[in-house]
Amino acid sequence: MFLKKVATAGAFSLMATASYAACDIDGRVSIVGNEFPAIQTVGKGAQECAGGVVKANLTADHQKINVAGMQGDPAEYTSAIIANSSIVALMNEDVIRPLDDLVAEHGADLKPNQMITIDGKVMAVAFMANAQHLVYRKDVLAEIGVEPPKTYEELLDAAKMIKDKGIMEYPVGGAYAAGWNLAQEFTNMYIGYDGAFFKPGTAEVSINNESGIAALNMMKSLSAYMNPDFLTHDSNATSAEWKAGNVALMNMWGSRVGPLTETEGSTQEIVDNTAIAGPMTVGGGETPATTLWWDGWTVAKNVSDEDAEATFKAMMHAIRPDILNEETSPQAVWLIDGYEPTDAAAGVFDAAERGSVPYPMLPFQGLLHTALGAELADFMQGKESAEQALADTEAAYIAAAKEKGFLQ
Amino acid sequence: MKHKTFFWFFLPTALAMLLFIALPLVSIVTQSLYTAHEQVFKTVENCGPFGCKQETTIDQEATAALRDEKPMGKWAGAQIYMDRGHLAVNEVRAAWRSSDSWGAFLSQVSNFPFYSALAFTLTFMFVVTPLCIILGFAIAVGVNSLHRHLKGLVIFFSLLPMIVTPLIGSLILFWMIDSRGILGSGIQWLFDDPNLSLKASTGLTWIMLMVYGVWHSAPFAFVVFYAGLQTLPQDTLESAQIDGATRWQQIRYVVIPHLMPLVTFVALIQMMDNFRVFEPIVGFNASAHATSLSWIIFNDLGGETRQLSAAAATSVLTVIGVAILLSPVLVRTWRDFNEKT
Amino acid sequence: MSLSSRKQPLGLRIFSVSFVAVWLILAAFPFVWTLWGSFKVELDFFSKADWTNAITGARTIAEKGTAFTADGYRGAWVQEEFWKAAINTAIVCLFVVCTSLTIGTLGGYALSRSGYRYTFWLLLAALIFRAIPQLALVSGYLLPFFQWNLWGILPTTIIVLVAINQPFTLWMLHSFFQKIPKDLDESAKVDGCTQFQAFRLVIIPVMWPGVITTGLFSFLLAYNDFQVTSMLLAKENQTMVPKIASFLGTTQTEGNVMFAVASVVSATAPLFILVMFFQRQIVSGLTAGAVKG
């Protein structure tokens with residue numbers, strides 16, 4: 001058993017020296033994160049390191065265990081892979097450490113835009129970006145003689161024409177599943193109408209206003225062109241509808257576009273005609289109705305400096321330029337040096353260039369998101385008015401924010 | 001049995017339950033009585049791939065001082081229990097004052113998450129439990145009259161709904177009842193309505209969840225009743241037959257009384273499990289139409305910011321709910337117990 | 001025996017057989033459908049176009065050349081190493097069943113033989129314990145388990161599952177022991193046995209039927225559990241159910257869904273063997289007691 005271990009360790013170090021960027025660490029590395037393909041690539045990259053134990057627990061439940069897993073002393077997880085929405089949970093509990101020293105020592109390869117600085121301190125290193133944007137069917141739009149929509153109003157017109165011509169019964173797709181997805185769509189739309197979620201500098205919510213009502217009404221109008229089961233469709237189900245050729249227009253995550261252009265599970269006709277464009281605006285606004293996201297990694301506070309250093313080195317190794325190849329490049333819009341944007345990345349780049357807003361990194365945004373996800377479904381089903389749904393959301397948020405100490 | 005002997009016999013199981021259920025229960029109750037500290041904010045500049053922005057963040061140093069002072073958080077008493085996410089006392093009072101009819105009052109109350117979840121939970125429990133007992137009994141009687149070589153196979157297939165894990169079972173069923181799946185298409189054909197979708201209407205979603213609930217837990221009732229049938233007192237049955245009792249009378253006066261303690265047992269367990277209904281709601285993505293108390297806990301714990309106190313309060317309310325619902329059965333058990341001793 | 005065949009009129013007999021047949025179809029259909037579909041590609045089994053594709057395998061033929069493909073099984077067992085999860089499940093089930101029956105029989109026996117009031121309150125407490133939503137319990141475990149380095153390993157999960165299942169086991173075994181006449185162990189004690197000797201020599205030989213039935217339910221709990229195992233086990237120690245769920249994940253990659261379907265079918269096979277093997281004991285077990293009224 002011991003011999004075998006030595007043998008594998010030897011093999012690893014041989015491999016490591018063979019590839020030009022060797023990774024030798026001296027400490028314990030344990031990563032927790034979500035499980036989609038790009039993060040799997042990063043996890044594998046970190047596990048190439050030799051000299052210490054590198055473990056990766058990549059699971060859909062990562063948000064339920066990462067805070068508890070970093071609160072122990074020493075923390076079980078030395079690194080958590082998170083997004084701009086989920087870093088706040090770690091910040092709120094104060095379980096991640098500033099990385100400035102480590103960046104100075106080992107982070108020469110980092111581009112400035114990869115560093116997430118909060119109050120002047122680097123708290124995370126981002127490696128990929130994401131955003132929702134338009135995906136459309138070239139052939140269907142050609143058939144009705146319409147350019148790809150730039151606004152949601154144009155999208156509604158196009159959807160009406162497709163339906164009236166009898167090409168598709170439910171031409172619009174959208175991840176409107178009650179819960180996180182529905183809240184995300186509202187967030188996009190509300191931003192598109194230039195809405196502000198909170199009174200500046202406070203945790204006091206204000207969404208029951210004209211922008212909120214307009215956003216909800218737009219979502220309702222869109223849902224009329226969606227499959228009647230839309231409240232159960234998450235982005236997996238919406239992608240499946242697309243692949244089955246039931247949908248011609250949808251607002252979809254950039255990270256999901258790659259798989260849509262593979263014939264497996266779809267037909268050549270659909271794949272050839274799948275095209276993407278930037279996010280749409282709504283209600284004559286300038287800001288696209290979408291949010292920008294990044295995914296990145298952090299280092300735990302409650303670990304020894306050696307382990308933190310080992311973690312930093314292993315994670316740097318995991319996002320070095322040579323992880324990019326034909327297989328990994330289309331997995332995400334990488335923020336890594338040397339990344340050549342693939343066709344699938346055009347939508348996210350367009351979103352960033354046109355001045356879209358990042359998803360707010362506020363300590364209490366998650367509570368509002370949860371409240372929106374639970375309370376807006378009644379409106380979407382026509383059970384209550386937009387004002388009532390927004391008032392309910394505000395009330396649910398206030399109760400939650402009081403419990404968490406954000407409001408008194 | 002002497003106290004001392006009893007103690008040693010009971011110690012291992014008591015330890016397991018104390019450590020892993022009673023202690024967590026104490027911490028759940030405590031948690032539900034505290035809220036987090038007041039969070040001190042500061043506005044800072046955050047920078048990332050998409051530029052810099054002024055954003056609010058928690059002033060960790062100031063908050064840490066508060067936190068060190070009182071590590072448990074801020075004493076809240078029953079405040080969380082009374083807030084809108086739970087019993088919504090003030091809101092219900094306001095609804096009572098502002099509504100002029102019972103209908104208006106109820107529709108306002110059902111807008112609060114706790115009460116809308118309670119409405120589904122109770123409906124689910126009171127519909128599924130009896131149906132499951134009746135179905136389980138009928139299957140048990142039916143299977144009991146089969147040839148013995150068939151029984152083993154039949155028992156295995158009857159257990160399948162209970163065996164296939166709810167999470168995966170409902171995933172596959174979820175697809176079958178899609179308007180384009182085999183069952184969904186079948187139902188559309190049956191009702192001659194090509195636009196019928198089980199997932200799009202609240203009423204149909206409730207029915208679907210309940211049908212699933214009965215389907216999933218009938219095997220439990222079946223196994224227990226089937227075993228009970230094996231112990232029917234032969235002599236009572238025979239004398240009933242000699243007295244010319246019809247088949248129905250035999251079931252009514254011999255079999256059912258014999259199985260009665262089992263019915264209590266199954267009802268107790270089923271009511272409890274159905275009151276905690278959770279997995280089908282997640283599996284069927286049904287939260288837009290139906291929520292349960294356990295789902296609220298799941299939702300509180302599943303967000304970006306976990307609401308531990310809110311989840312703890314809902315858990316305590318669930319336990320109280322179960323205790324109230326089971327109290328008639330418990331009172332009866334208490335009486336039986338006293339008679340025996 | 002009893003109500004059965006002896007003098008059953010033909011009409012009733014046909015009714016009863018067809019009722020059981022209908023139930024069997026209802027109970028087994030989704031499973032049989034899954035078994036059939038596990039040999040197809042995702043686009044057939046989860047067809048958005050036409051459900052009959054799942055039967056004919058139109059896309060499977062187009063993609064793989066034949067109407068049946070074992071890719072789902074190959075992917076799950078070979079590529080994703082589902083066998084590791086199967087071994088973990090076997091370990092968890094074995095230890096959960098053994099431990100919970102051992103301490104459960106002792107406790108249940110004691111409860112049934114002690115006439116003091118506190119036994120009622122203990123049973124009541126067990127019932128209340130069972131009412132606590134598992135989600136809340138599990139989220140409470142996380143922090144201490146992480147702190148004491150107990151998180152992620154099989155023994156922790158085993159003990160938690162045993163503890164969570166104790167209330168049910170106690171209730172079931174308690175009512176079972178009540179049906180075993182008290183005279184049996186009383187007379188052994190008169191003959192000079194201690195309580196434990198009486199239990200070991202007199203009660204253990206006659207308790208198996210009820211214990212096996214209780215064991216079946218413990219087994220099913222450990223086998224099917226998702227809420228505990230998904231939160232408390234590290235990736236390398238995962239049991240089958242969380243492993244299957246991880247095939248689905250938040251972002252379903254192509255083909256992985258069929259791994260999940262194939263694993264669901266695979267996970268059911270051992271249960272088939274188990275039920276066939278134990279079916280007589282299961283029935284006679286409940287017969288002899290647990291629940292004999």
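Buried residues make up 53% of the 293 residues in chain C, where a residue is buried if 20 or more other C-beta atoms, placed from the backbone, lie within 10 Å of its own, exposed if 12 or fewer do, and partly exposed in between. The model is predicted, and for this reader's orientation its local features need pLDDT of at least 70, side-chain atom pairs count only at pLDDT 80 or more, and totals for chains, interfaces and linings use all residues. Residues are numbered from 1 along each chain as its sequence is written, while chains are lettered from A and ligands numbered from 1 in the order in which they are written.

Chain C contains 14 helices and zero strands; helices (H or I, at least four residues) and strands (E, at least two) are DSSP runs, numbered from the N terminus. Contacts here join two residues whose C-beta atoms, placed from the backbone, lie within 7 Å. Of the contacts in chain C with a separation of 6 or more, 72% are between residues 24 or more positions apart.

The domain assignment divides chain C into domain 1 (5-74) and domain 2 (79-288), with bounds that come from an automatic or database assignment. The C-alpha centres of these two domains of chain C lie 31 Å apart. Their contact takes 13 residues from domain 1 of chain C and ten residues from domain 2 of chain C. On the domain 1 side, the elements giving two or more residues are H1, H2 and helix H5 (71-79) of chain C. By class, that side has six nonpolar, four polar and three charged residues; Ala, Val, Leu, Ile, Met, Phe, Trp, Tyr, Cys and Pro count as nonpolar, Asp, Glu, Lys and Arg as charged, and the others, Gly among them, as polar.

Chain C also meets both of the chains considered next. With chain B, 77 residues of chain C are in contact with 82 residues of chain B. Several helices of chain C give two or more residues to this side, among them helix H6 (82-113), helix H9 (154-179) and helix H14 (256-288). H1(C) gives the most, with 13 residues. The side of chain C that touches chain B has 51 nonpolar, 22 polar and four charged residues. With chain A, 20 residues of chain C are in contact with 24 residues of chain A. Here the largest share of the chain C side, four residues, comes from H8(C), and the residues of that side divide into eight nonpolar, eight polar and four charged.

Turning to chain A, its secondary structure comes to 17 helices and eleven strands, and 59% of its 408 residues count as buried. A compact globule of 408 residues would have a radius of gyration near 22 Å, and the 23 Å of chain A agrees with this; the radius is taken over C-alpha atoms, and the globule rule is 2.2 Å times the number of residues to the power 0.38. Along its principal axes, the C-alpha trace of chain A spans about 70 × 55 × 35 Å.

Chain A is assigned domain 1 (13-128 + 293-343) and domain 2 (131-291 + 350-403). Twelve residues of domain 1 of chain A are in contact with twelve residues of domain 2 of chain A. Helix H4 (residues 87-92) of chain A supplies the largest share of the domain 1 side, four residues, and that side divides into eight nonpolar, four polar and no charged residues.

Strands pair if DSSP finds at least two bridges between them. E9(A) pairs with strand E3 (residues 79-83) of chain A in the antiparallel sense over three bridges, and Ile81(A) stands opposite Trp297(A). Six bridges join E9(A) to strand E5 (residues 121-137) of chain A, also antiparallel, with Ala131(A) as bridge partner of Leu292(A). The pairing of E9(A) with strand E11 (residues 357-358) of chain A is parallel, over two bridges.
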